[in-house]
Amino acid sequence: MNTRVLVSLALLVGIGAVLHAVIPGIFFGMKPDMMLTMMFLAILLFPNVKTAGLVGIVTGVISAMTTGFPGGQVPNIIDKIITAFVFFAFVCLLKKYGQTVVSAAILTAVGTVISGTIFLTAALLFAGLPGGATFSALFLTVVLPATAINTIVMVIIYPIVSAIFKRMNITVHV
């Protein structure tokens, strides 16, 4: 992994952290996870195991440090690491269909649902769900809206970031 890739990954994770901080909470203070979108973008642009592992760990730790979910630190780390590798596996499986905005959007939607499910399951096991909320209530009020938001954001930013990286001669779609 060269320096340009590492700097690009750091920028994407940093942008995700800032977006995560400024997005308001939807339900019980839970927010759509914009760091997740940036993690997916990083894996789409630099699809390899090292990238998935690195960005999954870093995104998980930063999400854990900035979470508003009571007891959400450990579930955030677990969620991001597992989701990064599952998302990477899907990217590899769909590689023959090319990296298009449509495939990026579909992968983002599926990845966000997987991430939300893993997070809520881990939170239920480790810390419990806040305010007596049920898994299905949080899934419907937080995960599904986050899926829609993340998918829309990916449709907007994927072509822009891909074009910028190509102009900067940063190898994408390895």
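Analyst: Let's take α4, which has 21 residues and reaches 31 Å from its first C-alpha to its last, close to the 30 Å expected at 1.5 Å a residue. That expected span is 1.5 Å times one less than the number of residues, and helices here are DSSP runs (H or I, at least four residues), numbered from the N terminus. Before going on, the ground rules: this is a predicted model, where local features need pLDDT of at least 70 and side-chain atom pairs count only at pLDDT 80 or more, while totals for chains, interfaces and linings use all residues. Residues are numbered from 1 along each chain as its sequence is written, and side-chain values use heavy atoms, with hydrogens and water left out.

Now for what α4 keeps covered. Its buried residues are P75, N76, D79, K80, T83, A84, F87, F88 and V91; buried means under 20% relative accessible area, exposed over 50%, and partly exposed in between (1.4 Å probe, protein chains only). These buried residues pack against α2, α3 (49–66) and α5 (101–126), with contact taken as heavy atoms within 4.5 Å.

The charged side chains come next. Side chains of opposite charge can pair when their charged atoms come close. The structure holds two salt bridges, each defined as a side-chain nitrogen of Lys or Arg within 4 Å of a carboxyl oxygen of Asp or Glu. In one of them, D33 meets K80 at 2.6 Å, N to O. D33 sits in the loop between α1 (3–22) and α2 (34–45), whereas K80 is in helix α4 (residues 73–93), so this pair ties together parts that are 47 residues apart in sequence. K80 also meets D79 in a salt bridge, at 3.0 Å, N to O. Put together, D33, D79 and K80 are linked in a network of salt bridges.

How covered is that network? K80 has a relative accessible area of 1%, so it is buried. D33 counts as buried too, because its relative accessibility is 12%. As for D79, it is buried, as is K80.

One last bit of context comes from a record. In an unreviewed UniProt entry, the annotation "transmembrane region" covers residues 6–28, 40–65, 77–94, 101–129 and 135–161; positions follow the numbering used here, feature names are shortened, and annotations may be inferred rather than shown by experiment. Of these stretches, residues 101–129 are 90% helix and 0% strand, with end C-alpha atoms 35 Å apart. Residues 40–65 are 88% helix and 0% strand, and their end C-alpha atoms are 20 Å apart.

Technical notes. Helix = DSSP H or I, 4+ residues; strand = E, 2+ residues; numbered from the N terminus.
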